[in-house]
Amino acid sequence: MSDHSHSHSHNHDHSHGHSHGHSHKHGESQNREYFNQQASTYDSKHEKTLDQLIEEIRKRIDFIGVEWADEDSSDEEEGEKAEKKEKREVRLLDYACGTGLVSRALAPYTTQCVGIDLSENMVATYNARAANQGLTPQEMLAHQGNLCLPPTAPSYQTQTSLFSSPDFFNFDLAAICLGFHHFDDPALAAQRLAERLKPSSGVLMILDFLPHEKMDSAHPASDTVIHHGFSKEQIQKIFEEAGVGKDFGFQELAVVFNRATETTPEFKRRIFVARGTRSE
Ligand SMILES: C[S@@+](CC[C@H](N)C(=O)[O-])C[C@H]1O[C@@H](n2cnc3c(N)ncnc32)[C@H](O)[C@@H]1O
(Lines give C-alpha, C1' and ligand atoms only; values in the text may rest on other atoms or scores of the structure.)
Protein backbone atom coordinates (compact mmCIF):
# COMPACT_ATOMS: atom_id res chain seq x y z
CA MET A 1 0.00 0.00 0.00
CA SER A 2 1.81 3.16 1.09
CA ASP A 3 5.34 3.84 2.20
CA HIS A 4 5.51 3.56 5.96
CA SER A 5 9.10 4.66 6.32
CA HIS A 6 8.13 8.10 7.51
CA SER A 7 5.76 6.88 10.15
CA HIS A 8 6.07 5.78 13.75
CA SER A 9 7.19 2.23 14.22
CA HIS A 10 4.42 1.60 16.72
CA ASN A 11 0.98 2.96 17.47
CA HIS A 12 1.23 3.36 21.18
CA ASP A 13 3.03 6.55 21.96
CA HIS A 14 2.48 8.60 25.09
CA SER A 15 0.65 11.45 23.47
CA HIS A 16 -2.76 10.74 24.94
CA GLY A 17 -1.68 11.16 28.52
CA HIS A 18 -2.22 7.69 29.93
CA SER A 19 0.40 5.83 31.89
CA HIS A 20 2.16 3.13 29.94
CA GLY A 21 1.87 0.52 32.68
CA HIS A 22 -1.00 -1.56 31.32
CA SER A 23 -1.21 -2.17 27.61
CA HIS A 24 -4.98 -2.70 27.82
CA LYS A 25 -5.34 0.99 28.72
CA HIS A 26 -4.36 1.91 25.22
CA GLY A 27 -6.71 -0.21 23.21
CA GLU A 28 -9.52 0.65 25.56
CA SER A 29 -9.16 4.41 25.72
CA GLN A 30 -8.31 4.83 22.03
CA ASN A 31 -11.23 2.68 20.99
CA ARG A 32 -13.72 4.33 23.29
CA GLU A 33 -12.76 7.81 22.16
CA TYR A 34 -12.65 6.94 18.47
CA PHE A 35 -15.94 5.04 18.39
CA ASN A 36 -17.68 7.68 20.51
CA GLN A 37 -16.80 10.10 17.73
CA GLN A 38 -17.91 7.68 15.01
CA ALA A 39 -21.23 6.61 16.51
CA SER A 40 -23.56 9.22 15.01
CA THR A 41 -22.25 8.78 11.44
CA TYR A 42 -21.34 5.07 11.52
CA ASP A 43 -24.54 3.77 9.92
CA SER A 44 -24.79 6.36 7.16
CA LYS A 45 -21.07 6.21 6.36
CA HIS A 46 -20.94 2.44 6.08
CA GLU A 47 -24.53 1.74 4.98
CA LYS A 48 -23.67 -0.32 1.91
CA THR A 49 -21.11 -2.50 3.65
CA LEU A 50 -23.33 -3.02 6.69
CA ASP A 51 -26.22 -4.13 4.45
CA GLN A 52 -23.91 -6.55 2.63
CA LEU A 53 -22.69 -7.98 5.91
CA ILE A 54 -26.25 -8.47 7.13
CA GLU A 55 -27.00 -10.38 3.94
CA GLU A 56 -23.85 -12.49 4.30
CA ILE A 57 -24.70 -13.34 7.91
CA ARG A 58 -28.29 -14.30 7.04
CA LYS A 59 -27.05 -16.54 4.24
CA ARG A 60 -25.15 -18.48 6.89
CA ILE A 61 -27.98 -19.22 9.31
CA ASP A 62 -27.33 -22.97 8.91
CA PHE A 63 -23.57 -22.58 9.07
CA ILE A 64 -23.85 -20.68 12.37
CA GLY A 65 -25.78 -23.70 13.53
CA VAL A 66 -27.91 -22.43 16.40
CA GLU A 67 -31.37 -23.92 16.93
CA TRP A 68 -33.14 -20.74 15.84
CA ALA A 69 -36.43 -19.44 17.21
CA ASP A 70 -38.51 -19.82 14.05
CA GLU A 71 -37.11 -22.97 12.55
CA ASP A 72 -40.14 -25.15 13.20
CA SER A 73 -41.86 -25.44 9.83
CA SER A 74 -44.45 -28.00 10.89
CA ASP A 75 -46.79 -25.24 12.18
CA GLU A 76 -49.43 -25.71 9.51
CA GLU A 77 -49.91 -29.39 10.16
CA GLU A 78 -50.25 -28.88 13.86
CA GLY A 79 -52.90 -26.18 13.35
CA GLU A 80 -54.17 -24.48 16.49
CA LYS A 81 -51.74 -26.25 18.69
CA ALA A 82 -48.87 -24.68 16.79
CA GLU A 83 -50.32 -21.20 17.06
CA LYS A 84 -50.37 -21.46 20.81
CA LYS A 85 -46.92 -22.92 20.92
CA GLU A 86 -44.36 -20.52 22.35
CA LYS A 87 -41.42 -19.55 20.18
CA ARG A 88 -38.25 -21.28 21.25
CA GLU A 89 -36.24 -18.84 23.33
CA VAL A 90 -33.00 -17.95 21.57
CA ARG A 91 -30.74 -15.36 23.17
CA LEU A 92 -27.95 -13.49 21.38
CA LEU A 93 -25.04 -11.65 22.99
CA ASP A 94 -23.85 -9.07 20.45
CA TYR A 95 -20.44 -8.10 21.81
CA ALA A 96 -18.72 -4.92 20.57
CA CYS A 97 -22.18 -4.40 19.12
CA GLY A 98 -21.65 -0.90 17.76
CA THR A 99 -24.94 0.29 16.29
CA GLY A 100 -26.26 -3.29 16.23
CA LEU A 101 -25.36 -4.91 12.94
CA VAL A 102 -25.41 -8.50 14.23
CA SER A 103 -28.53 -7.90 16.30
CA ARG A 104 -30.37 -6.57 13.27
CA ALA A 105 -29.16 -9.43 11.09
CA LEU A 106 -30.29 -12.09 13.53
CA ALA A 107 -33.32 -10.50 15.20
CA PRO A 108 -35.75 -12.49 12.99
CA TYR A 109 -34.23 -15.75 14.25
CA THR A 110 -33.81 -14.88 17.93
CA THR A 111 -36.03 -13.81 20.78
CA GLN A 112 -33.61 -11.53 22.64
CA CYS A 113 -30.57 -9.48 21.59
CA VAL A 114 -28.27 -8.16 24.29
CA GLY A 115 -25.58 -5.75 23.12
CA ILE A 116 -22.43 -4.72 24.97
CA ASP A 117 -19.99 -2.08 23.72
CA LEU A 118 -17.17 -0.02 25.14
CA SER A 119 -18.48 3.18 23.58
CA GLU A 120 -21.44 4.82 25.30
CA ASN A 121 -22.34 6.67 22.10
CA MET A 122 -22.51 3.41 20.16
CA VAL A 123 -24.72 1.99 22.90
CA ALA A 124 -27.00 5.03 22.70
CA THR A 125 -27.26 4.68 18.90
CA TYR A 126 -27.99 0.95 19.19
CA ASN A 127 -30.75 1.59 21.73
CA ALA A 128 -32.27 4.47 19.75
CA ARG A 129 -32.48 2.26 16.65
CA ALA A 130 -34.06 -0.57 18.62
CA ALA A 131 -36.65 1.77 20.17
CA ASN A 132 -37.40 3.27 16.73
CA GLN A 133 -38.18 -0.18 15.46
CA GLY A 134 -40.69 -0.59 18.27
CA LEU A 135 -38.67 -3.20 20.11
CA THR A 136 -38.84 -3.44 23.89
CA PRO A 137 -35.69 -3.45 26.05
CA GLN A 138 -36.44 -7.10 26.75
CA GLU A 139 -36.15 -7.77 23.02
CA MET A 140 -33.15 -5.61 22.17
CA LEU A 141 -31.00 -3.56 24.51
CA ALA A 142 -27.34 -2.62 24.70
CA HIS A 143 -25.18 -1.79 27.71
CA GLN A 144 -21.87 -0.04 28.02
CA GLY A 145 -19.09 -2.30 29.22
CA ASN A 146 -15.87 -4.17 28.68
CA LEU A 147 -15.73 -7.92 29.29
CA CYS A 148 -12.16 -8.21 28.03
CA LEU A 149 -10.24 -6.67 30.90
CA PRO A 150 -7.48 -8.65 32.59
CA PRO A 151 -7.99 -9.16 36.35
CA THR A 152 -5.23 -6.60 37.01
CA ALA A 153 -7.17 -3.76 35.37
CA PRO A 154 -8.49 -1.13 37.82
CA SER A 155 -12.08 -1.44 36.60
CA TYR A 156 -12.08 -5.23 36.35
CA GLN A 157 -14.17 -5.77 39.51
CA THR A 158 -16.72 -3.11 38.62
CA GLN A 159 -17.15 -4.49 35.12
CA THR A 160 -17.42 -8.06 36.37
CA SER A 161 -20.16 -7.17 38.83
CA LEU A 162 -22.05 -5.06 36.26
CA PHE A 163 -22.48 -8.18 34.15
CA SER A 164 -22.85 -10.79 36.89
CA SER A 165 -26.63 -11.30 36.80
CA PRO A 166 -28.15 -14.34 35.03
CA ASP A 167 -29.40 -11.94 32.33
CA PHE A 168 -25.86 -11.91 31.01
CA PHE A 169 -25.32 -15.66 30.91
CA ASN A 170 -26.59 -18.75 29.17
CA PHE A 171 -26.64 -17.31 25.66
CA ASP A 172 -27.37 -19.49 22.63
CA LEU A 173 -25.03 -17.37 20.53
CA ALA A 174 -22.31 -14.83 21.27
CA ALA A 175 -21.03 -12.87 18.29
CA ILE A 176 -18.31 -10.34 17.69
CA CYS A 177 -18.45 -8.63 14.32
CA LEU A 178 -15.40 -6.52 13.40
CA GLY A 179 -14.40 -6.15 17.03
CA PHE A 180 -11.62 -8.71 17.37
CA HIS A 181 -8.93 -6.62 15.66
CA HIS A 182 -9.58 -3.78 18.12
CA PHE A 183 -9.02 -5.88 21.24
CA ASP A 184 -5.74 -6.07 23.13
CA ASP A 185 -6.31 -9.74 23.84
CA PRO A 186 -8.74 -11.48 21.45
CA ALA A 187 -8.09 -14.88 23.06
CA LEU A 188 -9.22 -13.49 26.40
CA ALA A 189 -12.31 -12.01 24.73
CA ALA A 190 -13.19 -15.42 23.29
CA GLN A 191 -12.83 -17.02 26.73
CA ARG A 192 -14.98 -14.39 28.39
CA LEU A 193 -17.75 -14.87 25.85
CA ALA A 194 -17.46 -18.66 25.91
CA GLU A 195 -18.15 -18.59 29.66
CA ARG A 196 -21.43 -16.85 28.96
CA LEU A 197 -22.71 -19.45 26.49
CA LYS A 198 -25.11 -22.29 27.22
CA PRO A 199 -23.02 -25.31 28.18
CA SER A 200 -22.78 -27.98 25.45
CA SER A 201 -24.76 -26.05 22.84
CA GLY A 202 -23.90 -22.33 22.87
CA VAL A 203 -22.14 -21.03 19.77
CA LEU A 204 -19.40 -18.41 19.43
CA MET A 205 -19.25 -16.54 16.12
CA ILE A 206 -16.43 -14.23 15.10
CA LEU A 207 -16.45 -12.13 11.98
CA ASP A 208 -13.27 -10.22 11.19
CA PHE A 209 -10.47 -9.57 8.71
CA LEU A 210 -8.12 -12.09 7.18
CA PRO A 211 -4.44 -11.11 7.53
CA HIS A 212 -3.71 -7.79 5.82
CA GLU A 213 -1.08 -5.10 5.57
CA LYS A 214 -0.69 -2.60 8.38
CA MET A 215 -3.00 0.37 8.15
CA ASP A 216 -1.49 3.67 7.13
CA SER A 217 -0.69 5.45 10.37
CA ALA A 218 -2.31 8.61 8.99
CA HIS A 219 -5.70 6.90 9.02
CA PRO A 220 -7.80 8.19 11.93
CA ALA A 221 -8.60 4.63 13.05
CA SER A 222 -5.03 3.33 12.94
CA ASP A 223 -4.48 3.65 16.71
CA THR A 224 -7.56 1.53 17.41
CA VAL A 225 -6.38 -1.38 15.28
CA ILE A 226 -4.29 -3.72 17.39
CA HIS A 227 -4.26 -6.78 15.10
CA HIS A 228 -3.82 -6.82 11.35
CA GLY A 229 -6.20 -9.62 10.62
CA PHE A 230 -6.25 -13.29 11.65
CA SER A 231 -5.52 -16.57 9.91
CA LYS A 232 -7.78 -19.60 10.09
CA GLU A 233 -5.17 -21.36 12.24
CA GLN A 234 -4.98 -18.48 14.72
CA ILE A 235 -8.75 -18.32 15.03
CA GLN A 236 -9.18 -22.09 15.39
CA LYS A 237 -6.58 -22.13 18.19
CA ILE A 238 -8.39 -19.29 19.97
CA PHE A 239 -11.69 -21.18 19.70
CA GLU A 240 -10.18 -24.44 20.95
CA GLU A 241 -8.42 -22.79 23.88
CA ALA A 242 -11.63 -21.01 24.87
CA GLY A 243 -13.51 -24.34 24.94
CA VAL A 244 -15.64 -23.57 21.87
CA GLY A 245 -13.74 -25.59 19.27
CA LYS A 246 -16.47 -28.19 18.73
CA ASP A 247 -17.66 -28.32 15.08
CA PHE A 248 -15.36 -25.43 14.21
CA GLY A 249 -16.24 -23.81 10.90
CA PHE A 250 -14.48 -21.06 8.94
CA GLN A 251 -15.64 -19.37 5.73
CA GLU A 252 -14.59 -16.38 3.71
CA LEU A 253 -17.34 -13.88 2.96
CA ALA A 254 -18.12 -12.50 -0.47
CA VAL A 255 -17.77 -8.95 0.90
CA VAL A 256 -14.51 -7.09 0.53
CA PHE A 257 -13.87 -3.93 2.50
CA ASN A 258 -12.84 -1.09 0.35
CA ARG A 259 -12.34 2.16 2.12
CA ALA A 260 -10.54 5.40 1.56
CA THR A 261 -10.57 8.72 3.33
CA GLU A 262 -9.68 12.15 1.93
CA THR A 263 -6.14 11.82 3.20
CA THR A 264 -5.48 8.08 3.08
CA PRO A 265 -5.43 5.62 0.20
CA GLU A 266 -7.96 2.92 -0.47
CA PHE A 267 -7.44 -0.45 1.17
CA LYS A 268 -9.00 -3.79 0.46
CA ARG A 269 -9.64 -6.41 3.09
CA ARG A 270 -11.10 -9.88 2.99
CA ILE A 271 -13.45 -11.01 5.73
CA PHE A 272 -13.97 -14.36 7.43
CA VAL A 273 -16.67 -15.74 9.66
CA ALA A 274 -15.87 -18.48 12.15
CA ARG A 275 -18.13 -20.51 14.43
CA GLY A 276 -17.63 -23.11 17.15
CA THR A 277 -19.79 -24.79 19.77
CA ARG A 278 -19.08 -24.81 23.49
CA SER A 279 -18.12 -28.35 24.40
CA GLU A 280 -19.15 -28.48 28.05
C1 LIG B 1 -15.82 -1.58 13.84
S2 LIG B 1 -16.95 -1.45 15.18
C3 LIG B 1 -18.02 -2.83 14.88
C4 LIG B 1 -19.41 -2.60 15.41
C5 LIG B 1 -20.45 -3.65 14.99
N6 LIG B 1 -20.20 -4.92 15.61
C7 LIG B 1 -20.50 -3.76 13.49
O8 LIG B 1 -20.08 -4.80 12.98
O9 LIG B 1 -20.94 -2.80 12.85
C10 LIG B 1 -16.01 -1.98 16.58
C11 LIG B 1 -16.74 -1.79 17.91
O12 LIG B 1 -15.97 -2.43 18.94
C13 LIG B 1 -16.14 -1.66 20.13
N14 LIG B 1 -15.06 -2.06 21.05
C15 LIG B 1 -13.73 -1.87 20.91
N16 LIG B 1 -13.06 -2.44 21.95
C17 LIG B 1 -14.00 -2.99 22.76
C18 LIG B 1 -13.96 -3.72 23.98
N19 LIG B 1 -12.80 -3.99 24.59
N20 LIG B 1 -15.12 -4.14 24.51
C21 LIG B 1 -16.30 -3.87 23.91
N22 LIG B 1 -16.41 -3.18 22.77
C23 LIG B 1 -15.28 -2.75 22.18
C24 LIG B 1 -16.08 -0.23 19.61
O25 LIG B 1 -16.61 0.68 20.53
C26 LIG B 1 -16.90 -0.34 18.33
O27 LIG B 1 -18.26 -0.08 18.55
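Let's start at the ligand: the residues of the shell around it split into 12 nonpolar, six polar and one charged. That shell belongs to a predicted model, so keep the confidence values, which come up further down, in mind as you look around.

Of the 19 residues around the ligand, the ones that come nearest are Tyr-42, Tyr-95, Ala-96, Asp-117 and Cys-177. If you want to know which element gives the most to this shell, look at helix α1, residues 23-45, which supplies three residues.

Asp-117 has a polar side-chain atom 2.6 Å from an oxygen atom of the ligand. Nitrogen atoms of the ligand turn up in two further pairs: one with a polar backbone atom of Cys-177, at 2.9 Å, and one with an N or O atom in the side chain of Asn-146, at 3.2 Å. On its own the ligand has 590 Å² of accessible area, and the protein covers 96% of that.

Zooming out, the protein chain has 10 helices and seven strands. Its 280 residues include 48% that count as buried. Among contacts in the chain with a separation of 6 or more, 70% are between residues 24 or more positions apart.

Methods
Residues are numbered from 1 along each chain as its sequence is written. This is a predicted model: local features need pLDDT of at least 70, side-chain atom pairs count only at pLDDT 80 or more; totals for chains, interfaces and linings use all residues. Side-chain values use heavy atoms; hydrogens and water are left out. A residue is near a molecule or strand if one of its heavy atoms lies within 4 Å of it. A polar contact is a pair of N or O atoms within 3.5 Å; within protein, one must be able to donate a hydrogen and the other to accept it, and residues adjacent in sequence count only if both atoms are side-chain atoms. Accessible areas come from the Shrake-Rupley method with a 1.4 Å probe; for residues, only the protein chains shown count as cover. Helices (H or I, at least four residues) and strands (E, at least two) are DSSP runs, numbered from the N terminus. Ala, Val, Leu, Ile, Met, Phe, Trp, Tyr, Cys and Pro count as nonpolar, Asp, Glu, Lys and Arg as charged, and the others, Gly among them, as polar. Buried means under 20% relative accessible area, exposed over 50%, partly exposed in between (1.4 Å probe, protein chains only). Contact means heavy atoms within 4.5 Å.
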